[in-house]
Number of protein chains: 2
Amino acid sequence: MCYTEQVSRARDQRYHEILERAARLIFQRGYEATSMQDIAESCGLTKAGLYHHIKTKEALLLAIMHYGMDLFEDKVLAKVADIADPVARLRETMARNITLVTLDSSKEVTIILHEHQTLTGTSKQEINTRKKRYVGFLESTFRQAVERGLIRPVDPTLAAFSFLGVVLWTYKWYRVDGKIAPQQLSDGMIDLFFEGLMPRA
Amino acid sequence: MCYTEQVSRARDQRYHEILERAARLIFQRGYEATSMQDIAESCGLTKAGLYHHIKTKEALLLAIMHYGMDLFEDKVLAKVADIADPVARLRETMARNITLVTLDSSKEVTIILHEHQTLTGTSKQEINTRKKRYVGFLESTFRQAVERGLIRPVDPTLAAFSFLGVVLWTYKWYRVDGKIAPQQLSDGMIDLFFEGLMPRA
């Protein structure tokens, strides 16, 4: 790694740290109730120092959301896109997405994507377009699985959003230090969603 | 119905109307961004008129949440508590809860229960206690169904929150005037959650 690459990586890392800390504060207090001053303090920066990285609170929120989508695409979508069997693809997607919303480093950044509708205009559109790509990926994978007779005939849209409901609701109730271990959570949800509740003959 | 009963019913109705309108505004704009002035205007009241009904914005939020829980207990829990078969009880609970979060009259009031963590101290505790009662009801019904061999062995807590995830995520994506009719949504979700995705032998 050459010197300029090192500098640029360190800068990226610092920037991502700021976004993660800001996300944590916004998640705890709400967007309106969190000031740029609060965020600067939690990053050990002066307000001017924070403004050096990011110009407005709305730009910060947008940056957090793009970072959340980057993480998601990097850690989930990119890792599952090549799985040929649509059912295996869906199972792996669920496992990886659950990890993303329960793991400390990515948790709040990912959560804010689904919590806040504060963005307006083109910012809102940008994020919605990225989110819709995920829904479309799920829908077409469910459709493929139905067409190949691998799963029962289900409405792909209804199945996609039920999948997201199970996975994303997790952050509302799940605590890593509670009675259900992370692996147990992931295995249990996949089993429940794919196999259902009713006993098999 | 005697005269004083009529007066008290009309007063209740007016009060519930205020809570429903306030809930709609808060859901659209966020709690912090909504002022008592905005709420008064949307109810066709002066600010003094609104303060006659309710003293502070936090008291208003608490009243909305209690009203949401009242509606839920009235329209869901009270109607299913006597169903002897735990699986039938769970299915009927899911159907009725989906109706509550998609129907226009109850939608926002119910949503705010799950969106906002703005309450503090004893107010927060009051609402959490009522919410936990629902989770407890679901957990014990899943446990009963497992014990009687009516469903596969699943962790009751994981099952309860997956159930809630499927049902409550609905408000994030579902539109009554979209391509999935309300009855189709409810039937499809119940079928998916109970029967799972994998084909039956």
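Colleague: How many residues does helix α5 of chain A have, and what distance does the helix reach from its first C-alpha to its last?

Modeller: Helices are DSSP runs of H or I with at least four residues, strands are E runs of at least two, and both are numbered from the N terminus. The expected span of a helix is 1.5 Å times one less than its number of residues. Helix α5 of chain A, residues 86-102, has 17 residues and reaches 24 Å, close to the 24 Å expected at 1.5 Å a residue. Please keep in mind that this is a predicted model, in which local features need pLDDT of at least 70 and side-chain atom pairs count only at pLDDT 80 or more, while totals for chains, interfaces and linings use all residues. Residues are numbered from 1 along each chain as its sequence is written, chains are lettered from A and ligands numbered from 1 in the order in which they are written, and side-chain values use heavy atoms, with hydrogens and water left out.

Colleague: How many residues of α5(A) are buried?

Modeller: Buried means under 20% relative accessible area, exposed means over 50%, and partly exposed lies in between, with a 1.4 Å probe and protein chains only. By that rule, 12 of the 17 residues of α5(A) are buried, and the helix is mostly covered; among them are Leu90(A), Met94(A), Ile98(A) and Val101(A). An α-helix has 3.6 residues a turn, so residues three or four places apart point the same way.

Colleague: Which helices do the buried residues of α5(A) pack against?

Modeller: Packing is read from contacts, where contact means heavy atoms within 4.5 Å. The buried residues of α5(A) pack against α4, α6, α7 (121-147), α8 and α9 of chain A.

Colleague: What should I look for in helix α1 of chain A?

Modeller: Start again with the span: α1(A), residues 3-29, has 27 residues and reaches 39 Å from its first C-alpha to its last, close to the 39 Å expected at 1.5 Å a residue. Its buried residues include Ile18(A), Leu19(A), Ala22(A), Ile26(A) and Phe27(A), and what covers the buried residues of α1(A) includes α2 (36-42), α4 (57-80) and α8 (156-173) of chain A. Just after α1(A), Gly30(A) takes a positive phi of about 95°.

Colleague: How many helices and strands are there in chain A?

Modeller: Chain A has nine helices and zero strands, and its C-alpha atoms fill a box of roughly 65 × 40 × 40 Å along the principal axes. Of the 201 residues of chain A, 48% count as buried. Among its contacts between residues at least 6 apart in sequence, 67% join residues at least 24 apart.

Colleague: How many cavities are there, and which residues line the largest cavity?

Modeller: On a 1 Å grid over the protein atoms alone, a cavity is a set of points where a 1.4 Å probe fits but cannot get out, and lining residues have an atom within 4 Å of a point. Grid points are joined across faces, edges and corners, and a volume is the space filled by probe spheres set on the points. The count comes to one cavity of 30 Å³ or more, and the largest cavity has a volume of about 50 Å³. Its lining is made of Ser162(A), Leu192(A), Phe193(A), Val166(B), Met189(B), Leu192(B) and Phe193(B), with three residues, the largest share, coming from α9(B). For residue classes, Ala, Val, Leu, Ile, Met, Phe, Trp, Tyr, Cys and Pro count as nonpolar, Asp, Glu, Lys and Arg as charged, and the others, Gly among them, as polar. The lining divides into six nonpolar, one polar and no charged residues.

Colleague: Why does Ser162(A) count as buried?

Modeller: Ser162(A) counts as buried because its relative accessibility is 1%. This residue has its place in helix α8 of chain A, and, not counting residues up to four places away in sequence, Ser162(A) touches Phe193(A), Val166(B), Met189(B) and Leu192(B).

Colleague: In chain B, is Ile111(B) buried or exposed?

Modeller: Ile111(B), found in helix α6 (residues 107-115) of chain B, is buried, with a relative accessible area of 0%. Leaving out residues up to four places away in sequence, Ile111(B) touches Phe27(B) and Tyr171(B). By contrast, Glu126(B) in helix α7 of chain B is partly exposed, with a relative accessible area of 36%, and, apart from neighbours within four places in sequence, Glu126(B) is in contact with Leu62(B) and His66(B).

Definitions and conventions. On a 1 Å grid over the protein atoms alone, a cavity is a set of points where a 1.4 Å probe fits but cannot get out, and a pocket is an open set with protein on both sides within 12 Å along at least five of seven lines; lining residues have an atom within 4 Å of a point.
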